[in-house]
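Visitor: I am new to reading protein structures. Could you take me through this one by question and answer?

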Amino acid sequence: MDISGLLDREPGGAAVVVDAFSAACAVAIAAVAGVRDAARGSGGPDGRDGRDGHNGVGVDAAVLAARAQIAGQLAREVDLLLAEVACAIERHGDTEPGGGVARRLGHRGTVDMIASVLGSTRAHAGRLLDVGRVLTQEPAPDGEPGHHPHVAEALNSRELSVDCASTITSMLDALPETIPTEHLRSAELDLVSRAPGLTATTFGRIVTHFRTALTVDTTPATLERLRANRYLHVWEDRDGMLAIDARLDPETAAPVRAALDALVNDAMRRARDNVATDPGTGGANPGTGTSAGAGPLAATTATTRTAAQMRADALADLARHALACTATDLPLASTTVVVRVHETDLHTGLGNAEIDGTSHAIDISTARRMAANAHVIPAVLGSHSELLDWGRKRRLFTTAQRLALIERDGGCAFCGAPPGWAEVHHIEWWSRDLGITSIANGVLLCRHCHHTIHHQGWTIHATTTEVWFTPPASIDPLQTPRQGGRARFHAPRSLSMRRAAEGTGPDSPLVMGIAP
């Protein structure tokens, strides 16, 4: 297909521009092909060949990391080009008589055409189109910033990916019109600053936190809708496997997720320590009787099970425990559901509360109802997010420390993983550095991030309210500190403070059961 004909509406018009565009693309394609040839044929510092048949074995790790960064920049540039082309096709297409470019070529619309050309999904094409609209928007006649100015600036400076940009704009565009513009602009700028270095999946969870904070007034109605739509289907498939499909609202899901995460975390810890299950003990570890996932799969070692298999075994362990099981060996004694609420919100009955491990907030009424459960700990925070009081719990020092660290870090302080996936680690090692056991010398990290930080040589600085990570010079020559913890992976409280300060709640805050 001659691409120059796609936008050639008038003879001698757009064709000249498109021909120049096609020629530039041809040069770029040839250049990229040359880069690939260079990557295949180049070796490391010792001059060895970079391939060995399938992939590079002679290339230094630092060189490969630098190549990944450069290739990522190139891919981002191509994404921006595709986004602008998609937007141009939309402008010349869907509103014209006869359907324009896309429909003349047999497509339903621009999104279908882009997806077909790229061989990608409609969702990916839609994200490209969203970003293209931001990049090609006309300036406002009154001199005001255009639509999503911070996203546009970050895209043009190559600091934001198409996926992350589309996640931001889709969330902001779906918000009610009653939200003040200054709140939207503040959220947009904050999100743009957090995106670099994060995967689109991790960043999506952060955006969810922001959406919840911005729509604090609609939280009760949203929770009611989610609860009404909850379900769990169980059936036997053709292979005789029991299939389970479920959607649970945040309140219903909280204890389920906490219990499963605790059991899977325990199984992964045993896998890390190379502790195998004993086929003759029904999944118990030799000499301990501790469950590591009973049933037929118990004949395998802990190191051979995937996370999904561990989760399935954990569900079976929970069911066995509930069916008149007298054993007390499930690693759930210290497992709790923590609900966090600010003191002001608790007294007024307005605002939101958070459930550890869940990105969707709950309203104060739901938080009070959950606090009546003996396995739920309400955490009450002051105006500066300092911990004022914990609810019902044995006053064990190590447990209290972990709960306080969850408040500061929100889970893994480095990647934002849920609290159930993280473990407390000394910043200054207990044995090597004689480090003390204190909040300022502790940090929550998942196993992957723990090993990454130690192996790569990151340094950690923490206080009782913040945690910062400084990369080694091999990763960042400037060694610029990067903030972690709740401050990075959760929305700032200021976004949810659009309500009146003098409001009062419908119920007494004493329902929270705060310990005297």
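Visitor: Which residue in β12 is the bridge partner of Trp468?
Guide: First, some ground rules: this is a predicted model, where local features need pLDDT of at least 70, side-chain atom pairs count only at pLDDT 80 or more, and totals for chains, interfaces and linings use all residues. Residues are numbered from 1 along each chain as its sequence is written, and side-chain values use heavy atoms, with hydrogens and water left out. Strands are DSSP runs of E with at least two residues, and helices are runs of H or I with at least four, numbered from the N terminus. In β12, Trp468 has as its bridge partner Gln483.

Visitor: In what order do the 3 strands of the open sheet lie?
Guide: Two strands pair if DSSP finds at least two bridges between them. β11 (residues 467–470) and β12 pair over 2 bridges, in the antiparallel sense. The edge strands, β10 (459–462) and β12 (482–483), each pair on one side only. The pairing in this open sheet is antiparallel, and the order is β10-β11-β12.

Visitor: What share of the 516 residues is buried?
Guide: Buried means under 20% relative accessible area, exposed means over 50%, and partly exposed is in between (1.4 Å probe, protein chains only). Of the 516 residues in the protein chain, the buried share is 39%.

Visitor: How many residues of strand β3 are buried?
Guide: Val337, Val339 and Val341 point one way from β3, and Val338, Arg340 and His342 point the other way. Both groups are buried. β3 (residues 337–342) is largely enclosed by the rest of the structure, because the buried count is 6 of the 6 residues.

Visitor: Which residue in β4 is the bridge partner of Arg340?
Guide: β3 and β4 (residues 352–355) pair in the antiparallel sense over 2 bridges. Within β4, the bridge partner of Arg340 is Glu354.

Visitor: How far apart are the end C-alpha atoms of α5?
Guide: The expected span of a helix is 1.5 Å times one less than its number of residues. α5 has 14 residues, so it should span 20 Å. The model agrees: its end C-alpha atoms are apart by 20 Å.

Visitor: What covers the buried residues of α5?
Guide: The buried residues of α5 include Ala125, Leu128, Val131 and Val134. Contact means heavy atoms within 4.5 Å. The cover includes α2 (61–91), α4 (110–118), α6 and α7 (162–173).

Visitor: Which side chain makes a polar contact with the side chain of His148?
Guide: His148 sits in the loop between α5 (122–135) and α6 (149–156). It is buried, with a relative accessible area of 4%. Among the residues His148 touches, not counting those up to four places away in sequence, are Val134, Leu172 and Asp173. A polar contact is a pair of N or O atoms within 3.5 Å; within protein, one must be able to donate a hydrogen and the other to accept it, and residues adjacent in sequence count only if both atoms are side-chain atoms. At 2.8 Å, the partner is Asp173.

Visitor: How many disulfides are there?
Guide: A disulfide is a pair of cysteine sulfur atoms within 2.5 Å. By this rule, the count is 0.
Visitor: How far is the nearest cysteine sulfur from that of Cys412?
Guide: Cys412 is in no disulfide. The nearest cysteine sulfur belongs to Cys415, at 3.6 Å.

Visitor: Which residues form one aromatic cluster?
Guide: Rings of Phe, Tyr and Trp (its six-membered ring) pair if their centres lie within 6.5 Å; planes under 30 degrees apart are stacked, over 60 edge-to-face, and the rest tilted. There are 2 aromatic pairs. Phe414 and Trp458 are edge-to-face, 4.9 Å centre to centre with 85 degrees between the planes, and Phe414 and Phe469 are also edge-to-face, at 5.0 Å and 75 degrees. The cluster is Phe414, Trp458 and Phe469.

Visitor: Is Pro220 buried, partly exposed or exposed?
Guide: Pro220 is in helix α10 (residues 219–228). Its relative accessibility is 38%, so Pro220 counts as partly exposed.
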